[in-house]
Amino acid sequence: MIANRKAGPSVLAAILVRKERSEEELRSLLSGESDTEESDNQDSVVCTTDADKFFATDSDWTLCVEAAGQPAVRQYGKRCLEMGRDLMITSIGSLTDDVLYNDLRDAAEANGGRLILCTGSMPALDWMGSAALLEDRSAQVKVTQIKPPQAWLGTPAATDHPDLLALSRPRVLFEGSSRDAASTFPKNANVAAMLALATAGLDETEASLVADPDATGNRVEISFRGAAGTIAIQVEAAPSKTNPRTSAVVALSVVKAIRKLCCPVVIGL
């Protein structure tokens, strides 16, 4: 969608991938969900497994978008920011590591770049982030993430609950702080980290992770109660076709964020 200008007047210059892609795979990657629409700069896009080649692609690029998981933030985030470029991340859970967070923030400040946290599948962040400015110590913030059992495969829950795929009723897999949720379940709980960083903090925001055999998508339930008001939200998000652990709207939120960065009219900020 970025290559097809759905993100406004931005131009896709390069993609850093884990494995080499064929021309057919690259064409499919650039055309997104459309079978007919092709990127007008598809032939000029660099697709590489070489990080040095990726970062040296074009001296004029201004934004790097991370969509590869927490290890990618640790491995390449500081390098990008030290070049004075903006870094947009979707793997917000990586920032539960205070040392990494401080390193990235310091690199951005010292070199004129920005660390941009993509909203992802986090709803109503603008309202809650504004309400949190009152610094109300009595504020109560909680997020519950409910997903089908198969979405928790490959996580510590699969080891702790060997009958995961045989569940007949919902089961709580984790209860604790958003920091622990996002660090223990790095591919499943970025919403918990995003909510916490925008409101009460990683250690003060409560998180609950649930496997529900009747769930057809990824449900998020959020509650915020503070001096500025109270809000309760429930979102039933369609899972990504390629990764059931995350929501399909995450990719769309990246497109929306890029559009806000480069378009003359910004709706909501």
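At what angle do α3 and helix α4 pack, and how far apart are their axes? The two helices pack at about 15 degrees, with axes 8 Å apart. This is a predicted model: local features need pLDDT of at least 70, side-chain atom pairs count only at pLDDT 80 or more, and totals for chains, interfaces and linings use all residues. Residues are numbered from 1 along each chain as its sequence is written, and side-chain values use heavy atoms, without hydrogens and water.

**View 1. The whole protein chain.** The protein chain has 9 helices and 10 strands. Helices (H or I, at least four residues) and strands (E, at least two) are DSSP runs, numbered from the N terminus. The radius of gyration is 19 Å, close to the 18 Å that the globule rule gives for 269 residues, so the chain is as compact as a globular protein of that length. That radius is taken over C-alpha atoms; the rule is 2.2 Å times the number of residues to the power 0.38. The C-alpha trace spans about 50 × 45 × 35 Å along its principal axes.

**View 2. The helix pair α3 and α4.** Helix α4 covers residues 98-111. Axes are lines fitted to C-alpha atoms, for helices over the stretch in contact, and angles run from 0 to 180 degrees between N-to-C directions. α3 and α4 are therefore roughly parallel (angles under 35 degrees). Val73, Arg74, Gly77, Lys78, Leu81 and Glu82 in α3 meet Leu100, Leu104, Ala107, Ala108 and Asn111 in α4. Contact means heavy atoms within 4.5 Å. The residues of this contact divide into 6 nonpolar, 2 polar and 3 charged. Ala, Val, Leu, Ile, Met, Phe, Trp, Tyr, Cys and Pro count as nonpolar, Asp, Glu, Lys and Arg as charged, and the others, Gly among them, as polar.

View 3. Three strands, 3 in the order β3-β4-β5, pair in parallel. Strands pair if DSSP finds at least two bridges between them. β3 (63-66) and β5 (115-117) stand at the edges with a single partner strand each, so one side of each is left without a neighbour in the sheet. Neighbouring strands are turned by 20 degrees on average, direction ignored. Between β3 and β4 (residues 86-89) there are 4 bridges. Cysteine 64 has leucine 87 in β4 as its bridge partner. Helix α3 (residues 70-82) lies across β3, β4 and β5, at about 160 degrees to β4.

**View 4. The β9-β10 hairpin.** β9 and β10 form a hairpin with 2 residues between them. β9 (residues 218-226) and β10 (residues 229-237) run antiparallel, joined by 9 bridges. Isoleucine 222 has isoleucine 233 in β10 as its bridge partner.

Conventions: Parallel < 35°, antiparallel > 145°, perpendicular 65-115°, else oblique.
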